[in-house]
Amino acid sequence: MIDKTAHELHDLLIKKKISSVELAEKVFLRIESVEPQIKAYITLTKDEAIKQAEAADKRLKENKNVTLLTGIPIAVKDNMCTKGILTTCASKILANYIAPYDATVVTKLKEAGSVIIGKTNLDEFAMGSSTENSGLQITKNPRDLERVPGGSSGGSAAAVAANEAILATGSDTGGSIRQPASFCGIVGLKPTYGRVSRYGLVAFASSLDQIGPLAKDVTDAAILLQVMAGYDPKDSTSVNVPVPDYQKSLTTNIKGLKVGVIKELMGEGISADVKSAIKSAIKKYEELGAVISEVSLPSFEYAVSTYYLIAPAEASSNLARFDGVKYGHRSQEAKDLITMYYNTRREGFGAEVKRRIILGTYALSAGYYDAYYLKALKVRTLIKQDFEKALSNCDVLVSPTSPTVAFKIGEKANDPLSMYLSDIATIPVNLAGIPAISIPCGNANNLPIGLQIMGKAFDEETILKAAYAFEQSTDWHLKK
Amino acid sequence: MEINIEHVAHLARLGLSDEEKKTFSKQLGNILQYAENLNKLDISDISPTSHAILMENVMRDDKVEKCQDIESIMKNGPEIEENMFKVPRIME
């Protein structure tokens with residue numbers, strides 16, 4: 001039962017073939033059996049989940065306020081605030097933090113009647129591409145326990161891939177939804193910047209962060225996005241534009257769809273296995289009647305440099321709030337205020353977070369601001385312009401989501417630059433603020449490969465349509 | 001490329017061990033050296049993008065609203081007294 005998608009389970013729930021409580025209990029049984037190996041969750045909320053499932057069953061029984069998510073078990077990334085429940089960001093500095101309010105996304109999930117199973121592991125404060133930077137635990141890739149699940153939403157991706165949840169929320173600053181989806185063989189969508197409210201998402205890099213769905217198939221991703229999306233007065237960066245009916249865009253007729261293949265992401269640095277899977281996917285699109293062309297986005301050469309100046313700069317500013325005063329860890333070794341700050345932050349933050357705070361502070365500091373931060377903001381303009389140009393001639397752009405399949409735990413842990421370079425395909429999308437989805441499109445040695453489909457700002461419909469058409473004519477999303 | 005780690009760590013109020021200073025110095029040096037590739041571009045005429053979408057100030061109506069309950073906010077404080085956060089003495 002738990003290997004089914006949310007839309008399949010919805011049918012069973014409304015036909016009363018299963019109950020929501022029964023479904024939640026099955027998920028917790030599964031968690032009991034696989035979680036000791038996978039370690040996807042930081043916190044499990046079984047008591048609350050069963051109560052939510054009972055309430056969902058009541059709604060289903062009375063046929064009142066039933067949504068597509070009513071009674072569906074979902075996991076929440078642990079950087080989204082949940083009232084009365086730990087929100088740790090996988091950091092020692094927040095290990096005991098209990099949010100006094102729900103993130104808007106969490107409120108929406110609750111209103112839809114979904115059942116929140118628990119909070120999932122991540123790279124500390126979402127900084128990383130493997131979930132190895134979690135300050136609390138290491139999550140394994142369900143497809144191969146010696147490998148990373150990707151990151152930073154590695155816990156959410158692993159939970160969905162291992163059937164420890166039916167759906168999950170993720171956040172994506174430089175690929176943190178799409179890359180773990182790719183590594184774990186599931187679907188992950190980063191919506192347009194401004195599409196989903198970030199109220200209650202613990203900020204990492206405010207001009208780049210966006211919340212989105214992780215799911216077993218494209219239909220489920222569309223269903224979860226539908227619930228998440230929309231203007232929120234509590235988030236001044238959320239955009240007040242109408243939210244279309246995403247399920248309506250799920251059609252298989254893509255005749256004439258203009259698909260651009262990004263030249264810069266099909267060359268050097270992309271592994272042969274990945275390249276050949278992407279080429280087969282492009283061939284499939286051609287068979288489906290899409291019009292394929294090659295596009296060049298020369299500024300991509302500078303995307304990693306640009307991102308790893310902007311994101312740490314914003315992070316160093318956002319993380320200044322962790323000072324040991326109002327919440328979180330406070331060092332006991334403090335004689336005065338300044339040593340309290342020093343020691344609290346030294347004890348509370350892990351290595352990658354410290355690295356980025358130093359890098360970001362440096363890039364913003366007097367004498368270096370123009371040379372690093374301002375320069376990066378200007379190159380960001382070039383990247384955005386390259387996308388605009390390419391997307392004026394194409395409906396969607398495609399590339400690999402990641403240059404390789406999931407790598408081994410520990411493989412890149414001591415070489416931050418090589419870890420950063422692995423984000424090359426996903427980073428430009430955040431810098432430009434456009435939407436993108438990763439879907440399974442192949443395997444190499446039984447490890448999944450993801451196809452990234454990018455679209456115009458606020459046009460999630462077209463990437464969903466392109467993803468759905470591919471999924472319906474292949475069976476990569478069914479491989480376990 | 002050499003970062004004055006000591007100075008930057010002070011700006012960030014971030015305590016680092018000697019080991020960390022050494023490791024970060026090397027790693028960040030490598031990263032900044034990589035970022036030198038930005039110098040290949042002529043960007044003198046390009047304006048910076050700080051947000052991907054157009055941002056404007058958002059104002060809300062000036063009306064009284066109920067605050068979140070004080071108790072659940074205060075109980076996260078590492079040291080509190082009568083709804084106040086305690087910190088080490090800041091003035092002699």
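In the predicted model, helix 11 (residues 351-364) of chain A packs against helix 2 (residues 18-35) of chain B at an angle of about 60°, with the axes 11 Å apart. Axes are lines fitted to C-alpha atoms, for helices over the stretch in contact, and angles run from 0 to 180 degrees between N-to-C directions. Helices (H or I, at least four residues) and strands (E, at least two) are DSSP runs, numbered from the N terminus. Helix 11 of chain A is therefore oblique to helix 2 of chain B; angles under 35 degrees count as roughly parallel, over 145 as roughly antiparallel, 65 to 115 as roughly perpendicular and the rest as oblique. The crossing of these two helices is right-handed, a crossing being right-handed if the near helix is turned clockwise from the far one by less than a right angle, and left-handed if anticlockwise. On the side of chain A, Lys354(A), Arg355(A), Ile358(A) and Leu359(A) of helix 11 meet Glu20(B), Phe24(B), Gln27(B), Leu28(B) and Ile31(B) of helix 2 of chain B. Two residues are in contact if their C-beta atoms, placed from the backbone, lie within 7 Å. By class, the residues of this contact are five nonpolar, one polar and three charged; Ala, Val, Leu, Ile, Met, Phe, Trp, Tyr, Cys and Pro count as nonpolar, Asp, Glu, Lys and Arg as charged, and the others, Gly among them, as polar.

Residues are numbered from 1 along each chain as its sequence is written, and chains are lettered from A and ligands numbered from 1 in the order in which they are written. As this is a predicted model, local features need pLDDT of at least 70 and side-chain atom pairs count only at pLDDT 80 or more, while totals for chains, interfaces and linings use all residues.

Between the two chains, 54 residues of chain A are in contact with 45 residues of chain B. Helix 9 (303-318), helix 10 (337-348), helix 11, helix 12 (369-393) and helix 13 (416-421) of chain A each give two or more residues to the side that touches chain B. Helix 12 gives the most, with 10 residues. This side of chain A has 30 nonpolar, 12 polar and 12 charged residues.

Chain B has three helices and two strands, in the order α-α-α-β-β from the N terminus. The radius of gyration of chain B is 23 Å, well over the 12 Å that the globule rule gives for 92 residues, so chain B is more spread out than a compact globule. The radius is taken over C-alpha atoms, and the rule is 2.2 Å times the number of residues to the power 0.38. The C-alpha trace of chain B spans about 55 × 45 × 25 Å along its principal axes.

Within chain A, the axes of helix 7 (residues 218-228) and helix 15 (residues 460-472) come within 9 Å and cross at roughly 155°. The two helices are therefore roughly antiparallel to each other. Val218(A), Ala222(A) and Leu225(A) of helix 7 make the contact with Glu460(A), Leu464(A), Ala467(A), Tyr468(A) and Glu471(A) of helix 15.

The peptide bond from Gly151(A) to Ser152(A) is cis, with omega near 10°. Ser152(A) is found in the loop between strand 3 (115-120) and helix 5 (154-161) of chain A.
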